[in-house]
Amino acid sequence: MNALSERKKVGLALASGGGRGMAHIGVLQVLEEHGIPIDMVSGASAGALVAAIYAAGTDLYMLEKYLCTLMPKDIIDPTVVTRGGFFSGNKVAEIIRTLTHDLTVEQTKIPCFIGAADLETAEFHIFEHCKLYEAGRASMAIPGVFTPVKIDGHWYVDGGMLQELPVEVLREHGADIVIGVDLSIKKKFVIPEDKAPGAHSALLRTFSIMQKEISRLRTDTVDVRIKPDVSFMGMVSTAGAAEAIRIGRECAERALPEIEALLAE
């Protein structure tokens, strides 16, 4: 009997959250440093990007250094709004392609489950036969912000629309313990009295409300919930990346005793 069969399988679910997804990197660093095994990983939107990069075997500390050097101009590429979003997402796709070494979903070092919302069927689709960067780009196609992505004849948008924290797919593939990194925001949304919210702000707030309601209705549960407060990060922001990663590390360190206790049972 090998070591893997003698212990519980661990799945890691990484939530959507735009720029808040930087915190995922700090969490992963701590889990690796303390020898917490990750047998499979899932992600939606920002979580999908980090899940793909991690599953491809990219060094987490190199990733941190790289992301902390990114400027808005490196990821924002305005397009014609009638194409489905303010930004084409081509720059982001190229970054993901490089960081995932142009691997396919089948070539990852551990199973990686990236989900996006199928515009036609309204279902949460897990990609099985495409490039990692394509799956990640589709999963982070925030409606109205990034253009939708077409893969195998289907159009996809942000996976966080349907599953902010993809837990079910990990259970379905045998995870005994699921660690979830939750990036949801609970702070009050303040609208200035003297003016209506801008189009971008209103769009993102509407998306947040929808996610909150869907999350309330879902019954999926995690065994350990790590919840970094990185609400200062914007939807497509890179400023504050180092601080978000640091906070992710701190939250993961606080969760270590709970994770280790579950593994020891």
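Trainee: Which residues of α3 are buried?

Mentor: Ala46, Gly47, Ala48, Leu49, Val50, Ala51, Ala52, Ile53, Tyr54 and Ala55 are the buried ones in α3. Before we go on: this is a predicted model, where local features need pLDDT of at least 70, side-chain atom pairs count only at pLDDT 80 or more, and totals for chains, interfaces and linings use all residues. Residues are numbered from 1 along each chain as its sequence is written, and side-chain values use heavy atoms, with hydrogens and water left out.

Trainee: What makes helix α3 largely enclosed by the rest of the structure?

Mentor: Count them: 10 of the 10 residues of α3 (residues 46–55) are buried, so the rest of the structure largely encloses this helix. Buried means under 20% relative accessible area, exposed means over 50%, and partly exposed is in between (1.4 Å probe, protein chains only). Across the protein, buried residues make up 50% of the 265 residues. After α3 comes Gly57, with a positive phi near 90°.

Trainee: How many helices and strands does the protein have?

Mentor: There are 10 helices and 10 strands.

Trainee: Is Cys112 buried or exposed? And what is Cys68 called?

Mentor: Cys112 has 5% relative accessibility, which falls under the buried limit, so Cys112 counts as buried. Cys68 comes in at 36%, so it is called partly exposed.

Trainee: Let's do helix pairs. Why are α2 and α10 called oblique to each other?

Mentor: The axes of α2 (residues 22–33) and α10 (residues 241–264) come within 6 Å and cross at roughly 40°. Axes are lines fitted to C-alpha atoms, for helices over the stretch in contact, and angles run from 0 to 180 degrees between N-to-C directions. Under 35 degrees counts as roughly parallel, over 145 as roughly antiparallel, 65 to 115 as roughly perpendicular, and the rest as oblique. An angle of roughly 40° belongs with the rest, so α2 and α10 are oblique.

Trainee: Which hand is the crossing of α2 and α10?

Mentor: Right-handed. Among the residues making the contact are Met22, Ile25 and Gln29 of α2, along with Ala244, Gly248 and Leu256 of α10. Contact means heavy atoms within 4.5 Å.

Trainee: How do the residues of the contact of α2 with α10 divide?

Mentor: Into 12 nonpolar, three polar and three charged. Ala, Val, Leu, Ile, Met, Phe, Trp, Tyr, Cys and Pro count as nonpolar, Asp, Glu, Lys and Arg as charged, and the others, Gly among them, as polar.

Trainee: What about α2 with α4: why the label they get?

Mentor: The axes of α2 and α4 (residues 60–67) come within 10 Å and cross at roughly 155°. That is past the 145 cut-off, so α2 and α4 are roughly antiparallel. Their crossing is left-handed. The contact includes Leu28 and Glu32 of α2, with Leu60, Tyr61 and Leu67 of α4. By class, the α2–α4 contact has seven nonpolar, one polar and three charged residues.

Trainee: Why is Ala122 called exposed?

Mentor: Ala122 is at 55% relative accessibility, over the limit, so it counts as exposed. It sits in the loop between β4 and β5 (124–126) and has a positive phi of about 60° despite not being a glycine. Most residues other than glycine have a negative phi.

Trainee: What does Asp102 count as?

Mentor: Partly exposed, because its relative accessibility is 27%. Asp102 has a positive phi too, near 60°, and lies in the loop between α6 and β4 (112–118).

Definitions and conventions
Helices (H or I, at least four residues) and strands (E, at least two) are DSSP runs, numbered from the N terminus. A crossing is left-handed if the near helix is turned anticlockwise from the far one by less than a right angle, and right-handed if clockwise.
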